[in-house]
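I set aside some time today to look at side-chain pairs and helix packing. Here are my notes, in the order that made sense to me.

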Amino acid sequence: MESQLKNSSSSSLKIGESHSASASTSSLNVDLTQQTYLGAEVSTQERCIKDVKPPESRRPTDDEFFSSSDRTKPNVTFLKDHFFNEGRLTESQALYIIKTATEILKNEPNVLELDIPLTVCGDIHGQYYDLMKIFENGVGGDPSETRYLFLGDYVDRGYFSIECVLYIWSLKICFPNSIFLLRGNHECRHLTEYFTFKLECMHKYSTEVYDACIESFCALPLAAIMNGQFLCIHGGLSPDLETLDDLRNLNRFREPPTKGLMCDILWSDPIETFGQETNTEETFIHNYTRGCSYFYTYRAACKFLERNNLLSIIRAHEAQVAGYRCYRKTLTTGFPAVMTVFSAPNYLDAYNNKAAVFKYDGGFMNIRQFNHSPHPYWLPEFMDVFTWSLPFLGLKITEMLVAVLNCCTKEELESSDGTETEEVVVTESPVCTSVDLTERKHVIINKIRVIGRMSRVFQLLREESERVSELKSLSGSPKLPYGTLASGAEGIRNAITSFEEARKSDIENERLPPTPRLSSMEIESMDDEETASIPSQSSDTHGPITPTDTERRRQSALASIDALTASIPLSSKLEESPSSTSTSSPSPPPSIKVNVNIRTPLSDPLQRSPRTPPGIRRRDMSDAISMLEEIIENVDDETPV
């Protein structure tokens, strides 16, 4: 009996312990999957905005990656949708696309001879979702049924550059005889390191993928002749370009130099007064906007076309408010001497420009315009959420400091301005004197005032952080234009309102970036070809030379200082209509007609955000300061810069 009681009590004790443990567990069992947000119950395991699909996080298998009909070619239909959903490839798959396309490009000549029909596209600049608009039937057409020529600048400035490269290079592999690619000035190591492409490759893939892209860029052809009538090129003409054989004999498998023929065809521009020059004898003028190469005049273009029996020059390289621009017509043919096409709509999410492509079939030059497409949101320079939220954190920290130090009343803060004097009765207190208390009071008051000002600054930055980031990016400087922040939200919102203002704000980023200086040992270790491709360290221009080296160095220092201190112009005259030509010029020949077709954006099933802060890779202030120090030091030492 006693043993049974013991067993019974022991059993009841265990049951009690179990019940107590169960009660304790149930009291800690909090449902974290449901939260109250704005008075409504929301699930933390679901997306708040269900219409926006989450980014694709799964890497494709080789069965998905390769085409079912040809296992040596990528499945471009799958890749189009995969990249559209922000998916990424495995590193081996990305390298396969880049290296396979590179081998095809290496076997092509410097100057392509292309038949018609042909669709010519301008700059893309990493705007993948706008690239997809080009391939719609109402704009360019299906790439499997349409022949395309791209004029370069596939990367930088936009946040989907690697997707543009991988998809266009995949099209080149699948359709090598109908997809043709030329090189732009951004397809080089110097600019991609300075702007966003290298950073994007490091963020999404690896250094090996970036290096493979740079090698592939060096294999891109430099120009194309369309139907024996049009020279298609990225930038334009050069004083070293007499005939097309000069292009055919050029060594393109290298990093572009900062002067010479290869530099000019990638960087030169038609002069703004093209066809209306005051000095009609001039042909080439130093390009002060780019910091290298030249502006070419109407006379230079006409002489080149007559010398090579061509009709016109089709080029890219410059943003246009309508997506294209037709310059003055030649007197001999009545056709525009130069035509610019730009295929990146709403460039940098700030220009509010249209984009265009040229479709030429021999009798008609159709100009298809289209607007920008919504695209996913990326924080500036691929920064993480914590870094982006620093203004908010700074605001909260200053509020905490104000609360800790707020030991004075509002009346004390307002009455004590630091200039009043008070009669102090000195006592022999061993702990603290009245003077010490007064000084401590003023110190605390000053601290509260300073932190209060900091709190206001952080509050403005938090409220307008996206517009501040956008304006700083466009200004090409870590600092905002003077007085912009003080003008509040409305001033920031109205700082950039038109295409011309956006272009003028971004003009500094159109220049050739400063070149990192190489040591003599690094230069001696290179072969002759690599040395020839090194950008000149003596100057970033090759325009007219000043009488003395000292004077040239002074002018460089003054120009650099002006560039650092210049503010953004917020007003400008509107650009002339892109299709405007001289009234005295003859009409186009009847054999070629120009049609313009405006394409409006289609609805997006993903309902993506239509506007993203550009977060352009800005110029580093430390580089500019170091450059000025070197210039001043060299002027003092009377040594070449």
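Entry 1: I started with E103, which is partly exposed, with a relative accessible area of 46%. A reminder to myself: this is a predicted model. I then looked for the partner of E103 and found K106, the two side chains meeting in a salt bridge at 3.8 Å, N to O. That is inside the 4 Å limit for a salt bridge. K106 is partly exposed too, at 32% relative accessibility. Both residues belong to helix α4 (residues 91-106), where they sit three residues apart, about one turn of the helix.

**Entry 2: a pair across the chain.** Next I turned to R248 and asked which residue it forms a salt bridge with. The partner is E113, and the closest N and O atoms are 3.1 Å apart. I noted that this pair links distant parts of the chain: R248 is in helix α10 (residues 244-248) and E113 in strand β3 (residues 111-114), 135 residues apart. For R248 I have a relative accessibility of 36%, so I wrote it down as partly exposed. E113 comes out at 51%, so it counts as exposed; the cut-off for exposed is over 50%.

Entry 3: D211 is partly exposed at 35% relative accessibility, and R189 is partly exposed at 31%.

**Entry 4: the wider tally.** How many salt bridges does the count come to? I get 19. I also found a network of salt bridges that links R157, D269, R290, R315, E318 and E510.

**Entry 5: two helices packing.** Last, I looked at helix α6 (residues 161-174) against helix α8 (residues 197-204). They pack at an angle of about 85 degrees, and their axes are 9 Å apart. Angles of 65 to 115 degrees count as roughly perpendicular, and α6 and α8 are therefore roughly perpendicular to each other. Which residues meet here? From α6 I listed S161, I162, E163 and V165, and from α8 F197, E200, C201 and K204. Sorted by class, this contact has four nonpolar, one polar and three charged residues.

Methods:
Residues numbered from 1 in each chain as written. Predicted model: local features only at pLDDT ≥ 70, side-chain atom pairs only at ≥ 80, totals over all residues. Heavy atoms only, no water. Axes fitted to C-alpha atoms, helices over the stretch in contact; angles between N-to-C directions. Helix = DSSP H or I, 4+ residues; strand = E, 2+ residues; numbered from the N terminus. Parallel < 35°, antiparallel > 145°, perpendicular 65-115°, else oblique. Contact = heavy atoms within 4.5 Å. Nonpolar A, V, L, I, M, F, W, Y, C, P; charged D, E, K, R; others polar. Buried < 20%, exposed > 50% of the residue type's maximum accessible area, 1.4 Å probe, protein only.
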